Amino acid sequence: AYDFYYKGREEYQNYISDNNDESLKKAEEYYFKALEYDSTFARAYAGLAEIYWLNNYSSEFFTSSFMDSALVLIDIALSYDDQLPEAYNFRGLYNYETGKFDLAIQEYDKALKFNPNYWEAYLGKGRLYLFQAEVMDQAIQNLHQASLLHRGVQLPLILRNIALALQWAGFIEQANAYIQEALNLDGDSAAYFFNMARSERYR
């Protein structure tokens, strides 16, 4: 079950890297395979919740049942492992998307309680604090911590979020340095020029 789960994670990361739907489909198959070997494997349920989110986010966002099925999968995961950071992080994301910011912070903090190095929770908290000017320092702090813990494919996204926080806080030159670093990592010139234009707007 463990081996199939990590094969699923590899395919999931492939999807994040290149937005290949085939990779996401393979990840789902590997998670189901893991559950064939161990029906109590909590991480596989959390992985399936992530896939359900990606496959149905747009179609369900304005419905009263937004992500109910994904939350059921998370509840199953927590019934088998109540210390699973992936599950609490997902709940944080759900509450973030539905405007329940205080609940989102609580869930992200639970994820970090069980795994202090869980970079996704720092990213979630940082992005949430971006909406609150009075705690922009906490946005920068959490996003910076995420950038230290994650050196993979989503690092440019984290760096651009740090740049946004710095722009809103008035530190334009520091923001531009992060924008440049993100460009160096992924070569996304469209994102580079968009973010540099925003820097000029905030000068």
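**Ground rules.** I number residues from 1 along each chain as its sequence is written, and side-chain values use heavy atoms, with hydrogens and water left out. Since I am reading a prediction, local features need pLDDT of at least 70 and side-chain atom pairs count only at pLDDT 80 or more, while totals for chains, interfaces and linings use all residues.

**Entry 1: the largest pocket.** I looked up the pocket first. A pocket here is an open set of points on a 1 Å grid over the protein atoms alone, where a 1.4 Å probe fits, with protein on both sides within 12 Å along at least five of seven lines; lining residues have an atom within 4 Å of a point. The largest pocket holds about 1,000 Å³ of space, where volume is the space filled by probe spheres set on the points, and points are joined across faces, edges and corners. Its lining has 32 residues, with Y12, I16, W119, E120 and Q154 nearest the centre.

Which helix gives the most to this lining? I found that helix 1 does, with eight residues. Helices are DSSP runs (H or I, at least four residues), numbered from the N terminus. Helix 1 (2–18), helix 3 (42–60), helix 5 (85–97) and helix 7 (119–129) each supply at least two lining residues.

**Entry 2: R9.** Beyond its neighbours within four places in sequence, R9 is in contact (heavy atoms within 4.5 Å) with Y31 and E50.

**Entry 3: helix 10.** I then noted the buried residues of helix 10: I172, A175, N176, I179, A182 and L183. Seen down the helix axis, they fall within an arc of 120°, so they line one face of helix 10. The arc is taken from the directions from the axis to the C-beta atoms. Among what covers these residues are helix 9 (155–169) and helix 11 (189–202). After helix 10 comes G187, with a positive phi near 65°.

**Entry 4: two positive phi values.** N19 has a positive phi of about 55° and sits in the loop between helix 1 and helix 2 (21–37). M67 has a positive phi of about 60° and lies in the loop between helix 3 and helix 4 (68–80). N19 is exposed at 54% relative accessible area, whereas M67 is buried at 0%.

Definitions and conventions. Buried means under 20% relative accessible area, exposed over 50%, partly exposed in between (1.4 Å probe, protein chains only).
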